[in-house]
Amino acid sequence: MNTFLKISLGFVLGVVCTIGVLYIIVATQNTEENQLQEEIRMKALKNLNQSFADFDEDEQRNIQSFELTTKKGIVKLHTYMPKDSVQILMGRPQSTDINDYGYGETHEVWKYKGTNKYVDEFTIEFINGKLKSVNQFKDH
């Protein structure tokens, strides 16, 4: 075998091995990300079940659900959901605003960017740490 063929064969084998190693690394990383996402979902479900157990009968009758399409995918929220559960599902808000009006009520507003990087697409309001309402800005 001449030297050129040996060098060419070595180069091709090196490229093939490199692609194989990169594929294995990407496949392993994707699996780890899926496991982390599943752990986050399970934690949110556990908090969700606990929050349902904490509701009184009037709150249980007035539960409203919200389905938001975010960069992370579809996120489902419901009224009276605790703040920590919302943060697990939505991530950290871009901005927050807290007002204590007295009378035992604390109002908190979280804002999130969506697909439009200039406008806050989601505005989430909490009263005393429980989800009150969700507003979504839509550009028509």
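Is Lys76 buried or exposed?

Tutor: Lys76 is exposed, at 57% relative accessible area. Exposed means over 50%, buried under 20%, and partly exposed in between, with a 1.4 Å probe and protein chains only.

Two notes before going on. This is a predicted model, where local features need pLDDT of at least 70, side-chain atom pairs count only at pLDDT 80 or more, and totals for chains, interfaces and linings use all residues. Numbering runs from 1 along each chain as its sequence is written, and side-chain values use heavy atoms, with hydrogens and water left out.

Now the partner. Lys76 and Glu67 join their side chains in a salt bridge, 3.8 Å from N to O. The term means a side-chain nitrogen of Lys or Arg within 4 Å of a carboxyl oxygen of Asp or Glu. Glu67 is exposed too, at 53% relative accessibility.

Look at where Glu67 sits. Strand S1 spans residues 65–70. Helices (H or I, at least four residues) and strands (E, at least two) are DSSP runs, numbered from the N terminus. S1 has an uncovered face, made by Ser65, Glu67 and Thr69. Its covered face holds Phe66, Leu68 and Thr70.

Next comes the neighbouring strand. S2 covers 73–78. A hairpin of two residues links S1 to S2. The two strands pair in the antiparallel sense over six bridges; pairing requires at least two DSSP bridges between strands. Thr69, for one, has Ile74 in S2 as its bridge partner.

Go on along the chain. The loop between S2 and H3 contains Tyr80. Its phi is positive, near 70 degrees, although Tyr80 is not a glycine. Tyr80 is partly exposed, at 22% relative accessibility.

How many salt bridges are there in the whole structure? The search finds two. The other one joins the side chains of Lys83 and Glu108, at 2.7 Å from N to O. Lys83 belongs to helix H3 (residues 83–90) and Glu108 to strand S4, so this pair ties together parts 25 residues apart in sequence. Lys83 is partly exposed, with a relative accessible area of 27%. Glu108 is buried, at 9%.

H3 also has a covered side. Ser85, Val86 and Met90 are buried there. Around the axis they span an arc of only 115 degrees, which puts them on the same side of H3. The arc is taken from the directions that lead from the helix axis to the C-beta atoms. Gly91 follows H3, and its phi is positive, near 90 degrees.

Four strands form an open sheet in the order S3-S4-S5-S6, with antiparallel pairing. S3 (95–100) and S6 (130–136) are the edge strands, each with a single partner, so one side of each has no neighbour in the sheet. From one strand to the next, the twist averages 15 degrees. Here axes are lines fitted to C-alpha atoms, for helices over the stretch in contact, and angles run from 0 to 180 degrees between N-to-C directions.

Take the pairs in turn. S3 and S4 run antiparallel and are joined by six bridges. Asp97 has Val109 in S4 as its bridge partner. Five residues lie between the strands in the S3 and S4 hairpin, and Gly102 takes a positive phi there, near 80 degrees. S4 (residues 106–113) and S5 (residues 120–127) are antiparallel as well, with seven bridges. His107 stands opposite Ile127 in S5.

Then comes the loop between S5 and S6, the place of Asn128. Asn128 has a positive phi, near 50 degrees, and is not a glycine. It is partly exposed, at 44% relative accessibility.

The protein chain has three helices and six strands. From the N terminus, the elements run α-α-β-β-α-β-β-β-β. Buried residues account for 21% of the 140 residues.
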